[in-house]
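Trainee: Could you show me how to read a model like this one, feature by feature?
Mentor: Gladly, let's look at it together.

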Amino acid sequence: MKPLIEIRKDLHRIPELGFQEFKTQRYLLELISTFHQGNLEVHTWETGIFVKVKGKNPEKTIAYRTDMDGLPITEETGYEFTSMHDGLMHACGHDLHMTIALGLLSRFAENPLDDNLLFIFQPAEEGPGGALPMRESELFQKLKPDQITALHIAPEYPVGTIAVKEGLLFANTSELFIDLVGKGGHAAYPHFSNDMVVAASHLVTQMQSIVSRNIDPLDSAVVTIGKITGGTKQNIIAEKARLEGTIRTLSPEAMVKVKKRIEALVEGISHGFDCETMIDYGSNYRQVDNEPDLTREFMEFAKQQETVNVIECKEAMTGEDYGYFLEKIPGFMFWLGVDTPFGLHHSKLKPQEEAIQHAVDLLIQYFTFKGNRN
Ligand SMILES: CC(=O)N[C@@H](CCC[C@H](N)C(=O)O)C(=O)O
């Protein structure tokens, strides 16, 4: 097999958006077809893939899940293997996550464990969310694992460090799209128009009070508007404006509360500015809740590995639709240190590639510990 570092470069060159991971799927299938096939069962699902490695004497199935999609970001890493797809980039580490899965799969294809392993290559993590429909698919119901593991790269930790905690690791998320429609007109005659740039600006400012005034200070939430569009030209009053954002909370209850407040403020804007408003919550992800016993066992196991530094971290406001797998299957996710100054979703994100082999070595040990009975 090609060195893992080269595989990661190949995958890095071809980022694709959610449910459009056609080249990525083809690349993965071609590579997997070069692995020892005797113990493998390969199934495609939409642009994703399930690969079962049949165990020698299986009593259970242990799953490893990786995401597959990239982000709509124009890459600025300066890599010689930079994205070949204009405006798209693997800026959240899914190229590394997939490479780690391939490293594990090639190893266990040749040397199966007593138990079955299931590799889940999941599309559309960044949106609209592949985990829930994949989990609900007939295929998954047939292959259903007893335990599941996943990792996410962490720019802030050195290579060799993993960070994890029992219970809540990632937040509940909801996308947020708000459309405002008023009345356009000549910039010199504001009194004949109904300006949606002004209405949208008020709404953005008002929404800042939700976290500071409606959420218990000892709880936490995020309301971020990441994109505003509106209007057509500098001397035309904008008839339409659109806000695009995301909501993050540490409990499903707080998510309901934040949404209620947004709805009340949006209704206020539509009365106050005499405009039409529409709210769309896009895709919603369930919190990532690590099952305590398996997480503790994994942490204890990892601490015994000489090359691994284990940190007990705090929960983060990032989201992950992997939470939907954890809703039904006991398991956990952990952060993998990749030591880079630029954060997730940044156009200059350059994870240290040694982290790949580090994760593969750790997970070979861990799956062998969990899936062999001698
Ligand atoms: C790990 C990570 O960065 N995940 C994404 C998940 C996207 C959630 C959804 N599309 C949203 O924007 O709310 C994140 O942004 O946390």
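Trainee: What should I know before I start?
Mentor: This is a predicted model, in which local features need pLDDT of at least 70, side-chain atom pairs count only at pLDDT 80 or more, and totals for chains, interfaces and linings use all residues. Residues are numbered from 1 along each chain as its sequence is written.

Trainee: Which residues does UniProt list for "active site"?
Mentor: UniProt positions are given in the numbering used here, feature names are shortened, and annotations may be inferred rather than shown by experiment. Here an unreviewed UniProt entry lists D67 and E126 under "active site". They are spread over 60 residues of sequence, yet they cluster in space, with a largest C-alpha distance of 8.9 Å.

Trainee: Is D67 buried or exposed, and why?
Mentor: A residue is buried if 20 or more other C-beta atoms lie within 10 Å of its own, exposed if 12 or fewer, and partly exposed in between, with C-beta atoms placed from the backbone. D67 counts as buried because it has 28 C-beta neighbours inside 10 Å. E126 is buried too, with 22 other C-beta atoms within 10 Å.

Trainee: Where do D67 and E126 sit in the fold?
Mentor: Helices (H or I, at least four residues) and strands (E, at least two) are DSSP runs, numbered from the N terminus. D67 belongs to strand β3 (residues 61–67), while E126 is in the loop between β4 (116–122) and α4 (131–136).

Trainee: What does each of them touch?
Mentor: Two residues are in contact if their C-beta atoms, placed from the backbone, lie within 7 Å. Not counting residues up to four places away in sequence, D67 touches H94, H97, Q122 and E125. With neighbours within four places left aside, E126 is in contact with G18, D69, L71 and C92.

Trainee: How is the protein divided into domains?
Mentor: Domain bounds come from an automatic or database domain assignment. Here they give domain 1 (4–168 + 287–371) and domain 2 (172–284). Taken over C-alpha atoms, the centres of domain 1 and domain 2 are 35 Å apart. Eight residues of domain 1 are in contact with seven residues of domain 2.

Trainee: How do I read a helix with one buried face?
Mentor: An α-helix has 3.6 residues a turn, so residues three or four places apart point the same way. In helix α2 (residues 22–32), the buried residues are T24, Q25, L28 and I32. Seen down the axis of α2, these fall within an arc of 100°, so they line one face of the helix; the arc is that of the directions from the helix axis to the C-beta atoms. On the other side of α2, F22, R26 and E30 are exposed. The cover over the buried residues of α2 includes α1 (4–13), β1 (40–45) and α3 (94–110).

Trainee: Which residues are buried in α1?
Mentor: In α1 they are I7, R8, L11 and H12. They cover an arc of only 140° around the axis, which puts them on the same side of α1. The buried residues of α1 pack against α2, α3 and α10 (354–371).

Trainee: Which residues come nearest to the ligand?
Mentor: A residue is near a molecule if its C-beta atom, placed from the backbone, lies within 6 Å of it. Of the 13 residues around the ligand, G127, T173, T246, T318 and G319 come nearest. Domain 1 and domain 2 each supply at least three residues of the shell around the ligand.
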